[in-house]
Amino acid sequence: LKYMKAKSVKDYDDWIIELVAKWYEVSTMQASEYLDILYASTEGREHIKEIANAYGTDPKLITKLKLKV
């Protein structure tokens, strides 16, 4: 028998989930799914950075997100 590994789940910081939830006015579960989608593209990662800047997030925290923008 061969076993399959579980799909790796990305853990996001709570503060970025809260910001995305506020921005899109959704629950934290949906915000986590939004982050999965946004991290998939360069434009999405730029949008995450824009959201964080809009709420006045410390630039050091934004760099910790490793957005590669």
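**Exercise 1. Find what covers the buried residues of α3.**

The cover of the buried residues of α3 includes α1 (14–24), α2 (28–39) and α4 (59–64). Cover is judged by contact, meaning heavy atoms within 4.5 Å. Helices here are DSSP runs of H or I with at least four residues, and strands are E runs of at least two, numbered from the N terminus.

This is a predicted model: local features need pLDDT of at least 70, side-chain atom pairs count only at pLDDT 80 or more, and totals for chains, interfaces and linings use all residues. Residues are numbered from 1 along each chain as its sequence is written, and side-chain values use heavy atoms, with hydrogens and water left out.

**Exercise 2. Describe α3: its span, its buried face and its other face.**

*Step 1, span.* α3 covers residues 42–54, which is 13 residues. Its first and last C-alpha atoms lie 18 Å apart, close to the 18 Å expected at 1.5 Å a residue. The expected span is 1.5 Å times one less than the number of residues.

*Step 2, buried residues.* They are G44, R45, I48, I51 and A52. Buried means under 20% relative accessible area, exposed over 50%, and partly exposed in between (1.4 Å probe, protein chains only).

*Step 3, arc.* Seen down the axis of α3, these residues fall within an arc of 115°, so they line one face of the helix. The arc is that of the directions from the helix axis to the C-beta atoms.

*Step 4, other face.* Turned away from the buried side are the exposed residues E43 and A54.

*Step 5, what follows.* After α3 comes G56, with a positive phi near 70°.

**Exercise 3. Summarise the whole chain.**

*Step 1, elements.* The chain has four helices and zero strands. From the N terminus on, the order is α-α-α-α.

*Step 2, extent.* Along its principal axes the C-alpha trace spans about 50 × 25 × 20 Å.

*Step 3, burial.* Of the 69 residues, 28% are buried.

*Step 4, contacts.* Among contacts between residues at least 6 apart in sequence, 42% join residues at least 24 apart.
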